[in-house]
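Me: Could you walk me through this structure and tell me what stands behind each label you use? I'd like to see the values set against the definitions.

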Amino acid sequence: LWASGAPPAAAGARIHPLRTDPALQGRVLSSTEPGAPLPPDGTSPLRAPAAAGRMGAVTALDDAVRSALAAAVGETHVLTDPDVIASYGEDWSRRFRGPVLAVVRPASTDEVAAVVRICADARIPVLPQGGNTGLVGGSVPGHDGPACVVLSTRRLTRLDDVDQVAGQVTAGAGVTLAQLHEHARSAGWAYGVDLAARDSATLGG
């Protein structure tokens with residue numbers, strides 16, 4: 001997805017404008033998925049009707065959206081049980097909390113893109129969340145809403161070999177600091193960032 005007047009075209013990709021929203025000052029949200037035709041009127045079966053108002057007007061996750069999210073990331077990685085998702089709406093300090101519609105746990109960048117696309121079409125805000133070890137409320141929804149889907153990055157655990165020439169490593173957002181330290185150390189390197197929450201703090205936040 002791009003939020004720009006002229007989204008870049010990838011080689012061999014077909015760009016379909018999905019929506020021009022006055023609230024986004026005329027910017028076009030586009031998809032470059034090859035072979036993904038839209039209906040003639042450019043609508044999406046998951047898009048909330050115009051009467052639904054601004055982004056965040058959704059107060060409950062309907063069956064169509066939940067099914068689409070489950071198809072994108074797997075049924076077991078769309079969490080809606082209030083008791084299960086409660087901790088995702090509250091930060092480490094226990095002073096900040098906000099409303100969560102669901103928690104979705106993608107395992108790849110393609111799945112992340114699919115989740116964002118589905119939620120954008122349904123006009124549901126998305127909040128990326130890593131280890132949720134913050135103390136200032138930045139990793140949870142605001143107490144007064146709007147209710148959102150938490151996109152947990154904890155399953156994005158790709159960890160490539162250390163490039164011995166460049167001194168670099170590619171790591172997923174769900175890799176913890178402790179895992180990266182051990183990975184670098186085993187290759188004869190040291191990662192220069194450390195926190196007390198290293199066992200639960202993730203690179204993605």
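Me: Where is the place of Arg-158?

Reply: Arg-158 is in the loop between strand E7 (148–152) and helix H4 (177–186). Helices (H or I, at least four residues) and strands (E, at least two) are DSSP runs, numbered from the N terminus. This is a predicted model, where local features need pLDDT of at least 70 and side-chain atom pairs count only at pLDDT 80 or more, while totals for chains, interfaces and linings use all residues. Residues are numbered from 1 along each chain as its sequence is written, and side-chain values use heavy atoms, leaving out hydrogens and water.

Me: Why is Arg-158 called exposed?

Reply: Its relative accessible area is 53%. Exposed means over 50%, buried under 20%, and partly exposed in between, with a 1.4 Å probe and protein chains only. Arg-158 is therefore exposed.

Me: Which residues is Arg-158 in contact with, leaving aside its neighbours within four places in sequence?

Reply: They are Thr-170, Ala-171, Gly-172 and Val-175, where contact means heavy atoms within 4.5 Å.

Me: What makes the pair Arg-158 and Asp-160 a polar contact?

Reply: Their side chains come to 2.7 Å. A polar contact is a pair of N or O atoms within 3.5 Å; within protein, one must be able to donate a hydrogen and the other to accept it, and residues adjacent in sequence count only if both atoms are side-chain atoms. The 2.7 Å pair is therefore counted as a polar contact.

Me: Why do the buried residues of H4 line one face of the helix?

Reply: Leu-177, Leu-180, His-181, His-183 and Ala-184 are the buried ones. Viewed down the axis of H4, they fall within an arc of 165°, so they line one face. The arc is taken from the directions from the helix axis to the C-beta atoms. An α-helix has 3.6 residues a turn, so residues three or four places apart point the same way. Exposed Arg-185 and Ser-186 sit on the face of H4 turned away from its buried side.

Me: Now for the strands. What makes E5 and E7 a pair?

Reply: Two strands pair if DSSP finds at least two bridges between them. E5 (residues 100–104) and E7 have four bridges, in the parallel sense, so they meet the definition. Within this pairing, Ala-102 stands opposite Val-149 of E7. Four bridges also join E6 (residues 126–129) to E7, again parallel, and Gln-129 has Ser-152 as its bridge partner in E7. E4 and E5 are joined by two bridges and run antiparallel.

Me: Why is one side of E4 and of E6 left without a neighbour in the sheet?

Reply: Four strands form an open, mixed sheet in the order E4-E5-E7-E6. E4 and E6 stand at its edges with a single partner strand each, so one side of each has no neighbour in the sheet.

Me: How do you know that E7 is mostly covered?

Reply: Five of its five residues are buried. Cys-148, Val-150 and Ser-152 are on one side, with Val-149 and Leu-151 on the other.

Me: Is His-77 buried or exposed, and why?

Reply: His-77 has a relative accessible area of 16%, so it is buried. It lies in the loop between H1 (63–73) and E4 (78–79). Not counting residues up to four places away in sequence, His-77 touches Val-103, Val-104, Arg-105 and Arg-155.

Me: What is the phi of Arg-123?

Reply: Arg-123 has a positive phi of about 60° although it is not a glycine. Most residues other than glycine have a negative phi. Arg-123 lies in the loop between H3 and E6, and its relative accessible area of 11% makes it buried.

Me: And which elements do the buried residues of H1 pack against?

Reply: They pack against E4, E5 and helix H3 (109–121). The buried residues of H1 are Val-65, Ala-68, Leu-69, Ala-70 and Val-73.

Me: Finally, what is the mean pLDDT of the protein?

Reply: The mean is 76, with 69% of residues at 70 or more; pLDDT is the predictor's confidence in each residue, from 0 to 100. Over residues 1–45 the pLDDT is below 50, and residues 47–52 also stay under 50. Where pLDDT is low, the predicted coordinates should not be read in detail.
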